[in-house]
Amino acid sequence: MGDAPRDQLGVGMVGYSFMGAAHSQAWRTAPRFFDLPLRVGMRVVAGRSADGVRAAADRLGWEDSTTDWRTLLDRDDVDLVDVCTPGNTHAEIAVAALDAGKHVLCEKPLANTVAEAEQMAAAAERAAERGVLAMVGFTYRRVPAIQLARQLVAEGRIGEVRHVRAQYLQDWLTDPSAPLSWRLDKDKAGSGALGDIGAHVVDLAQFVTGQSLTGVSGLLETFVHERPVAASSSGLSGQAGEGTGPVTVDDAALFFGRLSGGGLASFEATRFATGRKNAIRIEINGSRGSLAFDFEDMNVLHFFDDGEDSHTAGFRRIVVTEPDHPYIAAWWPPGHGLGYEHGFTHQVVDLVEDLAAARPPRPSFADGLAVQRVLDAVERSWQQGSSWVDLP
Ligand code: SOE
């Protein structure tokens, strides 16, 4: 370990469900595997239920708990607010925290609407002038194989990008008796598969290629319109309660677009891909080669080099666990592999290093706004008979 860091980074987290647990793991683990320039203090977690948030503080490793997130803004021992709540609260919490001089890490998608995302991006710009910084949590960028893919594209190893084919396939809603949760409520989540998981593949396509979408056309579908009311309000598949209620978001999104470099991109985001649990798949076809990744085999990147002798040409399976691969040196020997939680830990590492260097973190709120504009364009396209919608 390097010299123990002198300066503290006090963290306050809002929300303690699935994302709260993943972020807590990252705040706990990052300082133990990486030499961070700031000493992380897990000060306080905020949540609506006093008993629930107190139990979460004990279980997840937070020094304190509160039912009023606003108290985080007045605490001198909190330097950063980590927003792990449903999308309808992101703007209110993040803008208040930034205006109070707290750094912010906000879960994806940045917001539920472009208007909210614009508010957040403007607050982040104002705050940056005072050295207060913000990041949006697209953690799949922090998977070593994705970082390697971006490096290979940037080095020109696959030539001009002709196609990006990106899918995020889950199946936790194929059972019509799976109960309602906040992710199925437009007022809470903003959209369904489109924003929850479509946001990830839009960000990945733009991150790996270094390009942006210039226009899209899409369609949305809801397969199951009515579901049992959940006994508990959160979670991906809680227990059913009494009665039923409406699903007010999409179950699946299918859309395509054009990339700023002239290539074509196609996207699929669904919670009805029976048998696919968390399959984030991206394939980039270039003029000199291709790359392919599947999160369900997340330590591997497939690479096809069109310059190879046809005798031996073929997709090679790169096991991305060598010490010179991104992030790997801090972990295990080659071949031992990483998991879902490591993307969150790498997110904390990159964020803390950016904060210590007073460097604007990426993805920024402006990056999050760009993704929000794509999601909004897909929805508008769908409302206009899947017509083409240009993006700024
Ligand atoms: C549910 O679809 C979900 O929890 C997403 O909201 C997360 O962003 C993703 O990492 C896992 O699946």
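Leu219 is partly exposed, with a relative accessible area of 37%; here buried means under 20%, exposed over 50%, and partly exposed in between, with a 1.4 Å probe and protein chains only. Leu219 sits in strand S8 (residues 213-221), where helices (H or I, at least four residues) and strands (E, at least two) are DSSP runs numbered from the N terminus.

The model is a predicted one, in which local features need pLDDT of at least 70 and side-chain atom pairs count only at pLDDT 80 or more, while totals for chains, interfaces and linings use all residues. Residues are numbered from 1 along each chain as its sequence is written, and side-chain values use heavy atoms, with hydrogens and water left out.

Turning to the whole chain, the secondary structure comes to 10 helices and 17 strands. The radius of gyration is 21 Å, close to the 21 Å that the globule rule gives for 392 residues, so the protein chain is as compact as a globular protein of that length; this radius is taken over C-alpha atoms, and the rule is 2.2 Å times the number of residues to the power 0.38. Of the 392 residues, 56% count as buried.

The buried residues are His90, Ala91, Ile93, Ala94, Val95, Ala96, Ala97 and Leu98. Their cover includes strands S1 (8-14), S4 (80-83), S5 (103-107) and S6 (134-137), together with helices H4 (114-128) and H10 (365-383), contact being heavy atoms within 4.5 Å. Just after H3, Gly101 takes a positive phi of about 85°.
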